[in-house]
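Please read the points below alongside the sequence and the coordinates.

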Amino acid sequence: MVVAMLLAVAMFSSCTGYSSLNYKTLNETHVVLDKANFEVIGQAEGSWSAEYVLGFGGYKKETLKENAIQQMYKNANLKSSQAIINVNYSTSVRTVLGFYTEYTVTAYGTIIEFK
């Protein structure tokens, strides 16, 4: 009977998720862009996840953002004349039966190269 109840709860519960977009300036660089002295090279992306069981485990949410940024810069493999601009975040949350939660933060940015 207990197994049947757990199976019914598992069938009727679903993973929940949401996504939020936050904008943040990583560093302040003052560049005069009155001339076309840069070129957009591409996009950079980095993700970091943490798992929690009954609310315990994983990292602080701010640490997830910092690690996602570090992963984005590592994945970008920037050259000396390149920079990442327009950095933003996407956060997704997946919950299973209310006991297990996984947070994933993904940092996105645009890679530019100065001429």
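**Notes on the model**

1. Leu 97 has a positive phi near 55 degrees and belongs to the hairpin of β3 and β4, which has three residues between the strands. Helices (H or I, at least four residues) and strands (E, at least two) are DSSP runs, numbered from the N terminus. Two strands are taken as paired if DSSP finds at least two bridges between them.

2. This is a predicted model, in which local features need pLDDT of at least 70 and side-chain atom pairs count only at pLDDT 80 or more, while totals for chains, interfaces and linings use all residues. Residues are numbered from 1 along each chain as its sequence is written, and side-chain values use heavy atoms, with hydrogens and water left out.

3. The average pLDDT (the predictor's confidence in each residue, from 0 to 100) is 78 for the chain, and 70% of the residues score at least 70. Over residues 1–25 the pLDDT stays under 50, and the model has 30 contacts beyond four places in sequence for this stretch. Contact here means heavy atoms within 4.5 Å. Where pLDDT is low, the predicted coordinates should not be read in detail.

4. The chain holds two helices and four strands, in the order α-β-β-α-β-β from the N terminus on. Of the contacts between residues at least 6 apart in sequence, 72% join residues at least 24 apart.

5. On strand pairing, β4 (100–114) has two partners to report. β2 and β4 are antiparallel and pair over 15 bridges; within this pairing, Glu 45 has Tyr 108 of β4 as its bridge partner. β3 and β4 also run antiparallel, joined by 13 bridges. Val 93 is opposite Tyr 103 in β4, and Gln 82 is opposite Glu 113 in β4.

6. How far is β4 enclosed by the rest of the structure? It is largely enclosed, because eleven of its 15 residues are buried. Buried means under 20% relative accessible area, exposed over 50%, and partly exposed in between (1.4 Å probe, protein chains only). For the chain of 115 residues, buried residues make up 26%. The accessible surface of the chain is about 8200 Å², with 58% of it belonging to carbon and sulfur atoms; these areas come from the Shrake-Rupley method with a 1.4 Å probe, and for residues only the protein chains shown count as cover.

7. The largest nonpolar core has 16 residues, and Ala 44, Leu 64, Met 72, Ile 84 and Ala 107 touch the most other members. At least two residues each come from β2 (38–53), α2 (61–76), β3 (82–96) and β4 (100–114), and α2 gives the most, with five. A nonpolar core is a set of buried Ala, Val, Leu, Ile, Met, Phe, Trp, Tyr and Cys residues joined through side-chain atoms within 4.5 Å. Apart from neighbours within four places in sequence, Ile 84 is in contact with Ala 44, Met 72, Tyr 73, Ala 76, Leu 78, Gly 109, Thr 110 and Ile 111.

8. The salt-bridge count is one, where a salt bridge is a side-chain nitrogen of Lys or Arg within 4 Å of a carboxyl oxygen of Asp or Glu. Arg 94 and Glu 102 form a salt bridge, with their closest N and O atoms 3.5 Å apart. Side chains of opposite charge can pair when their charged atoms come close. Arg 94 is partly exposed at 35% relative accessibility, whereas Glu 102 is buried at 19%. Glu 102 lies in β4 and, not counting residues up to four places away in sequence, touches Ser 49, Ala 50, Glu 51, Ser 92, Val 93 and Arg 94.

9. Not counting residues up to four places away in sequence, Lys 115 touches Ala 36, Asn 37, Phe 38 and Glu 39.

10. Ala 36 lies in the loop between β1 (19–23) and β2 and counts as exposed at 69% relative accessibility.
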